[in-house]
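Visitor: Could you walk me through this model?
Guide: Gladly; have a look at it first.

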Amino acid sequence: MALDFLAGCVGGAAGVLVGHPFDTVKVRLQVQNVEKPLYRGTFHCFQSIIKQESAFGLYKGIGSPMMGLTFINALVFGVQGNTLRALGKDTPLNQFLAGCAAGAIQCIICCPMELAKTRMQLQGTGEYKQKMKNYKNSLDCLIKIYQKEGLRGINRGMVSTFIRETPSFGFYFLTYDCMTRYLGCEAEDSYVIPKLLFSGGVSGIVSWLSTYPMDVIKSRLQADGVGGVTQYNGILDCVQKSYHEEGWRVFTRGLTSTLLRAFPVNAATFATVTIFLMYMRPDDNLRGCEPGPVIQQPSSL
């Protein structure tokens, strides 16, 4: 159990390093002003950030997901594993239900973490240039939000995060379970790592597609209120105003960068976990492609 937990932490960290630049692009595309857009699309956004802020600009806000990684992994492993055991059988349905339970519980940490990440990613850009220059790092961001808005401010976007994460984790574990069963990989299989990479990448894409519109709403709610100006009164109000102003395409904002990110992030996580366990437990059965030692990348995958 300790090695599984540590492997998940290392794998999750690898996933964050690989995927954070894509996440930065996704967030900026999701919340940019439609009347005065800064970016024409995913690749233009990448180019603009690197040109104006250097490559380090793509890693703004990375401290927040890194800080919450250990706690999120602990919750995901504990809740998913115990729920699956409580349900009795390792079936696709139980994998989905256990994943949903893990996704719901980890929102307690995921929501504040993503709030800080979003604020840091937007700091010093576009319409936020003058409004958001007061955050030194992710922890400082959370402290200042708490001092100004209290617990309610720290948990901004909690409901939308819950609605997104619960089914997302369920679909992730369900897809992974189905993929590994279909591929039939075993611990002694010489192609086990490519199969893990492929299964994890596909699972990440499916989980994002299942709840992506809610992620757009979550990002907008967490970016709302900066500088004292609030646009939305809640989830439904955000949905209605966003649709009225920008049409249905608003709910696919940043989807390209998200899907580009989903595959390598989950592939990196699976590969890192597998290699780590192979070196740490060379004589132990790694359970083939069983989902036990692997977690979903937070907030996103």
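Visitor: How many helices and strands does the protein chain have?
Guide: This is a predicted model, where local features need pLDDT of at least 70, side-chain atom pairs count only at pLDDT 80 or more, and totals for chains, interfaces and linings use all residues. Residues are numbered from 1 along each chain as its sequence is written, and side-chain values use heavy atoms, leaving out hydrogens and water. Helices (H or I, at least four residues) and strands (E, at least two) are DSSP runs, numbered from the N terminus. The protein chain comes to ten helices and zero strands.

Visitor: What percentage of the residues in the protein chain is buried?
Guide: Buried means under 20% relative accessible area, with a 1.4 Å probe and protein chains only. Of the 301 residues in the protein chain, the buried share is 55%.

Visitor: Are H5 and H6 parallel or oblique to each other?
Guide: Helix H5 (residues 107-122) and helix H6 (residues 138-154) pack with their axes 10 Å apart, at an angle of about 120°. Angles under 35 degrees count as roughly parallel, over 145 as roughly antiparallel, 65 to 115 as roughly perpendicular and the rest as oblique. H5 and H6 are therefore oblique.

Visitor: Which residues of H5 make the contact with H6?
Guide: Contact means heavy atoms within 4.5 Å. On the H6 side, the contact includes Cys-141, Leu-142 and Ile-145. From H5 come Pro-112, Leu-115, Ala-116, Arg-119 and Met-120.

Technical notes: Buried < 20%, exposed > 50% of the residue type's maximum accessible area, 1.4 Å probe, protein only. Axes fitted to C-alpha atoms, helices over the stretch in contact; angles between N-to-C directions.
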